[in-house]
Amino acid sequence: MKSTVKFTVYYLIAFVIFIVNLGFFVGDQMFFSINDLPKALEGESASYSAFSPDLKKVAECYTVNTPEGSAVRVELVTYDDNVNVADRKNIYWEVGKETVIIGWVDSNTITIDSKTLDLSRNQTYDCRKMASFGQIW
């Protein structure tokens, strides 16, 4: 009798741990934000910068070491009329690269490695969104 209760408790604990781990796995795979990317360290400069045609925006490219290998993060820095930083936001994340080619089409459109982003519509590119849950297996 005692051994049956003991095994039932062990199986129940193992099942609860499995469900909790499954919940964290699904959460990691489906709920992420491009704003949660690693930021530049204090004093670290961008490996490459490209100014927009109107000189009010600059795309700063950073190479980041991740557990999966090298990654590239592009941050859009917007300046106000007094040349003060008005806004910073991540617009591009790609794992498996060390460099990208950045080109401005116009003041609101940027091309990063053949991916065109319309900044007036707040478009971003995140390689993690390209992988579906089924492709993991």
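## Close-up views of a predicted model

View 1. Strands β6 and β7 (residues 115-118) run antiparallel and are joined by four bridges. The model shown here and in the views below is predicted. Ile112 stands opposite Lys115 of β7. Two residues lie between the strands of this hairpin, and Asp113 takes a positive phi near 50°.

**View 2. Surroundings of Lys115.** Lys115 lies in strand β7. Its relative accessibility is 24%, so Lys115 counts as partly exposed. Beyond four places in sequence, Lys115 touches Tyr92, Glu94, Ile110 and Tyr125. Tyr92 and Lys115 are 23 residues apart in sequence. Their C-alpha atoms are 9.5 Å apart in space.

View 3. The side chains of Asp113 and Lys97 meet in a salt bridge, with an N to O distance of 2.7 Å. This pair links distant parts of the chain. Asp113 sits in the loop between β6 and β7, and Lys97 in the loop between β4 and β5, 16 residues apart. Asp113 counts as buried, at 15% relative accessibility. Lys97 is partly exposed, at 25%.

**View 4. The charged network.** Salt bridges that share partners join Glu60, Arg73, Glu75 and Arg88 into one network. Within this group, the side chains of Glu75 and Arg73 meet at 3.2 Å, N to O. Both Glu75 and Arg73 are buried. Side chains of opposite charge can pair when their charged atoms come close.

View 5. Asp81 forms a salt bridge with Lys56, and the closest N and O atoms are 3.4 Å apart. Asp81 belongs to the loop between β3 and β4, whereas Lys56 belongs to the loop between β1 and β2. The two are 25 residues apart, and the pair links distant parts of the chain. Asp81 counts as exposed, at 66% relative accessibility. Lys56 counts as partly exposed, at 38%. The salt bridge count comes to five.

**View 6. The five-stranded sheet.** An open sheet has the strand order β1-β2-β3-β4-β8, with mixed pairing. Strands β1 (48-51) and β8 (125-126) stand at the edges. Each has a single partner strand, so one side of each is left without a neighbour in the sheet. Strands β3 and β4 run antiparallel and are joined by nine bridges. Glu75 stands opposite Asn90 of β4.

**View 7. Ser70 in strand β3.** Ser70 is placed in strand β3. Its relative accessible area is 17%, so Ser70 is buried. Leaving aside neighbours within four places in sequence, Ser70 is in contact with Val64, Asn65, Val95, Gly96, Lys97 and Glu98.

**View 8. The largest nonpolar core.** This core has 20 residues. Val74, Ile91, Val100, Ile102, Ile110 and Ile112 touch the most other members. At least two core residues come from each of β2 (57-66), β3 (69-79), β4 (85-95), β5 (102-106) and β6 (109-112). Strand β3 gives the most, with four residues. Not counting residues up to four places away in sequence, Val74 touches Ala59, Glu60, Cys61, Lys89, Asn90, Ile91, Tyr92, Val100, Ile102 and Ile112.

**View 9. A nonpolar surface patch.** Leu12, Phe15, Val16, Phe18, Ile19, Val20, Leu22 and Phe24 form a nonpolar patch on the surface. Together they have about 790 Å² of accessible area. Phe24 has its place in helix α1 (residues 2-30). Phe24 is exposed, with a relative accessible area of 56%.

**View 10. The whole chain.** The protein chain contains one helix and eight strands. From the N terminus on, its elements run α-β-β-β-β-β-β-β-β. Of its 137 residues, 28% are buried. The chain exposes about 9,400 Å², and carbon and sulfur atoms supply 59% of this area. Among contacts between residues at least 6 apart in sequence, 43% join residues at least 24 apart.

Methods:
Residues numbered from 1 in each chain as written. Predicted model: local features only at pLDDT ≥ 70, side-chain atom pairs only at ≥ 80, totals over all residues. Heavy atoms only, no water. Core = buried A, V, L, I, M, F, W, Y, C linked by side-chain atoms within 4.5 Å. Buried < 20%, exposed > 50% of the residue type's maximum accessible area, 1.4 Å probe, protein only. Contact = heavy atoms within 4.5 Å. Patch = residues over 30% accessible without salt bridge, like charges linked within 9 Å, V, L, I, M, F, W, Y side chains within 5 Å. Areas by Shrake-Rupley, 256 points an atom, 1.4 Å probe, with all protein chains shown as cover. Salt bridge = Lys/Arg side-chain N within 4 Å of Asp/Glu carboxyl O. Pairing = 2+ DSSP bridges.
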